[in-house]
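Trainee: Could you take me through this structure step by step? I would like to follow along while we talk.

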Amino acid sequence: MTIPSTARVVIIGGGVVGVSALYHLAKAGWTDCVLLEKNELTAGSTWHAAGNCPNFAANYGVMNMQRHGLALYRGLADEVDYPINYHVTGAVRLAHTHDRMMEFERVRGMAAHMGLTMDMCTPDELQSHFPFMETHDLEGGLWDPLDGDIDPSQVTQALAKGARAHGGTILRFTPATGVSRKDGEWIVHTEKGDIRCEYVVNAAGYYAARVGEWFLPHGGRPVPLSVMSHQYFLTEAIPEVAAWSKEHGRKLPMLRDVDSSYYLRQDTHSLNLGPYERNCQVGWASGQDMPADFSFQLYPDDLDRLEWYIEDAMARVPLLGTQGVQRNINGPIPYAPDGLPMIGPMPGVPNAFEAHSFTFGIAQGGGAGKVLSEWIMHGHTEWDMWSVDPRRFTGHADAAYCTGKALETYGHEYAMHFPHHEWPAERDRKLSPNHERLVADGGQMGAYNGWERANWFAQPGDDTSEEATLTWDRSGPWEPRVRAEVEAVRDGVGVIDLCGFSRFALSGEGAAEWLRGMVAGGLPKVGRMNLVYFPDSRGRVLTEMSCIRHADDEFTLMTAALAQWHDYEVLSRRMPAGLTLTDRSADVTAMLVTGPKSRDLLAAISDADLSLGWLSHQQATVAGKPAMLARVSFAGELGWEVHASPTDAAAIYSAIRDAGAAPFGMYALNSMRIEKGYLTWKGELSSDYTLMETGLGRFVKLDKPQDFPGKAALQAETAPTRRLVTLVVEPGRQDAPYMAAVFQNGIRVGEVLSAAYGYRTEKAIAMAMLSTDAAAPGTELEIEIYGQRLKAVVQQDACLWDADNSRIRA
């Protein structure tokens, strides 16, 4: 085939993900798109993939993506007229403990929100699904009737046939060799010629880091992934399995013993065992060790690594041990540091996208193509997909970090993610100037975009072991300390170290007018600050920033630590020439001093004018050091943020502590912000919801002349069908998890976005998005929390503490 000289999109990589992206683009009418594969389609991880297809995922966005993909696969063979061996066998997941059953209950609830049915099972019910296993030591389990397995090559070829039928072009045996940029377009170089294009996609699987190097001169970063060695093996044929299949006319269901960390499934008349072992190995020590081409190749067998898992699986399913090993597969699979794929805009690089690092690429490939194609075509996705956005990893994710986290994540592939647990690998990447003091004071640290912040402060004798955090319950050694921290803020004065705020300096003639065209509301006056909201073209919440105005056209914009690269690009990619935008996230650090006695404390160590009102800011000295004081408090008490150079911050923090401020952590801050009804990015502030649905109408100026993104959509949204509300919940042992279902008279009417116990109000609180007919104050509802339905009542006001803000304005 002659290589085209131009295309709208060039996709590099011919595995299931790249082909799915081409299929979705072509089906949507973007026919001028080309996929390049250096060998044959499926030559990488797709070739040796086991092809398991679960709906189950602990992450809501990923589950949504898998749900879409598996539904696509179920109709794909008929749609494109290409045969696919897709066995929808159902699957059982085994639970050895009550905690695991609670995890299953949470996932079952999320699945129901998407229209999927999963059933909780007793041990006897599990055995009725999979009769060859031992169940005497099980608590129970979960049944997913739509789980199964698919032939990876066939599904990829079917997607390829569909892509071609809709006008997409696939060039096999056409390796890309590099990229360059000219006149705002990409030039993708191949051994057969160059292709000029508008968009380029890195879908190169475990070669994505190497392809990513091509983009370094264009603003890119080293791709944060590692390549892991993953093994599974097939037994010889087992007569009992063959007999069962003949009798029932189908394959056995998949079995996943997640507490022991393996899956077991039927393959023809044999069994396929795939462990995720703790003593796992990186496939290649570095990207430099990778051969130029590893197509259709495997690593040497290393079955000794699997010995414990094989013995455990044989005890669970004795049939497994009755036959020998037919074949072992040991191949490379890419791992991002958190084990989730990277799908979306390539950080720092215009019109470049990523779709790689899939540990479950077959199950996720169909949905990934949808998500990526939407990002390319529309600049946004149907569902909020921050959990897979490549911009979630910033500069701290170097090679050592990626390797350490990949080993941890692979070895805990089926681990439960408890709300108070912090994973220990590759910590202390970014340290506050006050880190030593925080730790000395008992700070139990958590990582926030690599920054170490104190979650709570332990006292001598408290259990600070990792094991103590392995619980879904609210109670733990932290709870009495968090209560005391909140009470210290409520009654006196507290200080929290908030290192890592994302912070951008914007200046230049016309900066104010440009910002007005980007945000839904107004800008503060000089010397003031306020919140500004950036909608997308649908009027949904893209991000929130604190806007501090220093002069007519000089601003500081601050946002969440996690949003650093995301929000920098929200600003930089639309910024006109003549304006200057500088990322100052590492140049300034912050502390919040808050509580009714905060004015007295600061007056003793600062020359600031502490009579200036709420939402004011000023330059001053604190403990003899220059600082900016901003009169705001996310805790909802009288307070000031103190922003200072990292070189001065330790002296300032020590002076604040020595003057009597009690240290408090992120758990206490979260409790207090929920009592105030304050919103968090990627909690309540999500691109799943519009500004109006989220209750941000007071920050929207539809009558201003600027045509900000989403203005037309918000004008058309005369009566939102959903509304964010605050609920007071019958206090149980756990806080409601993200996406916990809310019911009215047994009918699902919404979902929880965040929850915590309020120690000032003595109430369990949840913030939930509800259908408007269920959102009237006083409405009695139920929330399903790990399988238990607890009563909840819609509140009159989102704010349950100091509703008139008299304390914060004092």
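This is a predicted model: local features need pLDDT of at least 70, side-chain atom pairs count only at pLDDT 80 or more; totals for chains, interfaces and linings use all residues.

Trainee: Let us start with the open sheet. In which order do the five strands come?
Mentor: The order is β24-β25-β26-β23-β27, with antiparallel pairing. Strands here are DSSP runs of E with at least two residues, and helices are runs of H or I with at least four, numbered from the N terminus. Two strands pair if DSSP finds at least two bridges between them.

Trainee: Which strands stand at the edges?
Mentor: They are β24 (529–535) and β27 (580–583); each has a single partner strand, so one side of each is left without a neighbour in the sheet. Neighbouring strands of this sheet are turned by 30° against each other on average, direction ignored.

Trainee: What holds paired strands together in general?
Mentor: Strands of a sheet pair through backbone hydrogen bonds, either parallel or antiparallel.

Trainee: How many bridges join β23 to β26?
Mentor: Six bridges join β23 (residues 502–507) to β26 (residues 554–559), and the two strands run antiparallel. Within β26, L557 stands opposite F504.

Trainee: Which helix lies across these strands?
Mentor: Helix α15 (residues 564–572) lies across β23, β24, β25 (541–551), β26 and β27, and runs at about 70° to β25. Such angles run from 0 to 180 degrees between N-to-C directions, with axes fitted to C-alpha atoms, for helices over the stretch in contact; contact means heavy atoms within 4.5 Å.

Trainee: Now the barrel. Which strands form it?
Mentor: Six strands make a closed barrel in the order β33-β36-β35-β34-β37-β38, with antiparallel pairing. The twist averages 40° from one strand to the next.

Trainee: How do β33 and β38 pair?
Mentor: Strand β33 (residues 722–729) and strand β38 (residues 788–794) pair in the antiparallel sense over three bridges. The bridge partner of L727 is V794 in β38. Helix α18 (residues 666–676) packs on the sheet, where it touches β35 and β36, and its direction makes about 130° with that of β35.

Trainee: What does the UniProt record place at residues 722–796?
Mentor: An unreviewed UniProt entry annotates them as "domain: Aminomethyltransferase C-terminal". UniProt positions are given in the numbering used here, feature names are shortened, and annotations may be inferred rather than shown by experiment. The span is 0% helix and 61% strand, with its end C-alpha atoms 16 Å apart.

Trainee: And what about residues 378–432?
Mentor: The unreviewed UniProt entry labels these "domain: FAD dependent oxidoreductase central". Here the chain is 25% helix and 0% strand, and the end C-alpha atoms are 39 Å apart.

Trainee: Changing topic: how many salt bridges does the count come to?
Mentor: The count comes to 44 salt bridges, each being a side-chain nitrogen of Lys or Arg within 4 Å of a carboxyl oxygen of Asp or Glu. One of them joins D259 and R100, at 2.9 Å from N to O. D259 lies in the loop between β13 (254–257) and β14 (262–267) and R100 in helix α4 (residues 98–113), so the pair ties together parts that are 159 residues apart in sequence.

Trainee: Is R100 buried or exposed?
Mentor: R100 is buried, with a relative accessible area of 4%, whereas D259 is partly exposed at 29%. Buried means under 20% relative accessible area, exposed over 50%, and partly exposed in between (1.4 Å probe, protein chains only).

Trainee: Which residue meets E762 in a salt bridge?
Mentor: The partner is R483, at 2.5 Å from N to O. E762 is in the loop between β35 (747–758) and β36 (763–771), and R483 is in helix α13 (residues 478–491), 279 residues apart.

Trainee: Lastly, how are the rings of W284 and F294 placed?
Mentor: Their centres are 5.1 Å apart and their planes at 85°, so the pair is edge-to-face. Rings of Phe, Tyr and Trp (its six-membered ring) pair if their centres lie within 6.5 Å; planes under 30 degrees apart count as stacked, over 60 as edge-to-face and the rest as tilted.

Conventions. Residues are numbered from 1 along each chain as its sequence is written. Side-chain values use heavy atoms; hydrogens and water are left out.
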